[in-house]
Amino acid sequence: VLPRLHRRFCVGYELPPYVVRLLENWAIPFVDVRIHPIRFMDDLMFAVRASDPATRCALSAMAVADAEVSMTAGLREAMCRLISDTGVPGNTLLVLGQRPYDSSQIVGGAFFDAMEHLPQITDICAQYSAVLLKPHPNEREHSLLVAVAGIAANVLGVINDNVYRMLAMPQISAVLTASSSVAYEAPYFGKTVHALAPFPIRLGWRGDRLDSDTCAALGDCVLTADFWRVVLQPHAPVTPRDGVCFPSKPNRLRIALDCFWNFNEIDSDRIPSAAVSR
């Protein structure tokens with residue numbers, strides 16, 4: 001396959017590390033697009049990595065600003081505190097389950113197994129007054145949840161509440177995960193993160209100097225012709241940029257991709273307390 005890609009440009013979606021290494025070793029230019037792990041913004045974002053240095057510079061200028069993420073997290077936290085149960089003790093650790101056979105769970109060529117990290121898990125849980133187990137909405141079992149339930153004496157039980165409501169609680173001090181996307185989100189809510197596996201990707205924001213391993217955070221500009229003009233310009237003739245873009249609209253990509261990750265529970269599906277009381 002690789003010889004056939006010589007002198008071609010590759011567009012990938014969530015390219016696995018071994019494919020990226022092959023493309024780099026064969027000097028085959030590429031762009032890798034994936035859903036951004038920070039999912040509490042007004043809409044989904046894309047995380048985009050490009051092999052060409054000039055393209056990375058252009059993507060940095062198009063990227064979302066990190067300050068915008070911080071402002072949005074503050075808004076989510078303020079709102080979620082109004083609709084969250086506060087019956088959680090202070091200094092609680094939230095343990096997050098994941099889908100065990102997701103690509104983010106591949107570590108060192110094998111799927112993550114929390115049983116290999118028992119001493120570290122024990123030490124982390126002992127730092128907190130209480131521990132709550134939160135399964136993934138689509139996968140109830142994960143080795144990390146099993147490990148913590150078996151070794152931590154301060155486990156309160158299992159909770160199925162929305163993760164953003166949990167992150168908004170001041171009683172939640174930290175999260176423990178293998179490599180959940182929540183590990184990227186939790187610091188914006190002031191939480192300590194304990195990650196047992198390497199983060200799957202590195203994130204870059206507007207104005208950052210992006211290297212070959214860093215993904216630019218982009219909004220729905222990825223759907224415009226100008227984005228693809230930027231990406232393709234070093235490799236093929238393109239027409240001039242025209243600045244045409246979509247008008248701002250929350251949840252455009254969530255609806256188009258049918259990917260909400262339970263964000264709708266604190267957004268479009270939330271019943272205001274005032275409406276309930278009438």
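Visitor: Welcome me in with contacts: what share of those in the protein chain between residues at least 6 apart in sequence join residues at least 24 apart?
Guide: Happy to! Please keep in mind that this is a predicted model. Counting contacts between residues at least 6 apart in sequence, the share that joins residues at least 24 apart is 64%.

Visitor: How many helices and strands does the protein chain have?
Guide: Both kinds of element occur in the protein chain. The count comes to 10 helices and 12 strands.

Visitor: Which residues of helix α4 are buried?
Guide: Helix α4 runs over residues 118-126. Buried here means under 20% relative accessible area. In α4 that picks out I121, I124 and C125.

Visitor: Which exposed residues does the face of α4 turned away from its buried side carry?
Guide: Over the buried side lies a cover that includes β4, β7, α5, β9 and β10. The face turned away from that side carries exposed residues, namely P119, D123 and A126.

Visitor: And how far apart are the centres of the positive and negative side chains?
Guide: The protein chain has 25 positive and 28 negative side chains. The centres of these two sets are separated by 5 Å.

Key. Residues numbered from 1 in each chain as written. Predicted model: local features only at pLDDT ≥ 70, side-chain atom pairs only at ≥ 80, totals over all residues. Heavy atoms only, no water. Helix = DSSP H or I, 4+ residues; strand = E, 2+ residues; numbered from the N terminus. Contact = heavy atoms within 4.5 Å. Lys, Arg positive; Asp, Glu negative; His and termini not counted. Charge placed at Lys NZ, Arg CZ, Asp CG, Glu CD. Buried < 20%, exposed > 50% of the residue type's maximum accessible area, 1.4 Å probe, protein only.
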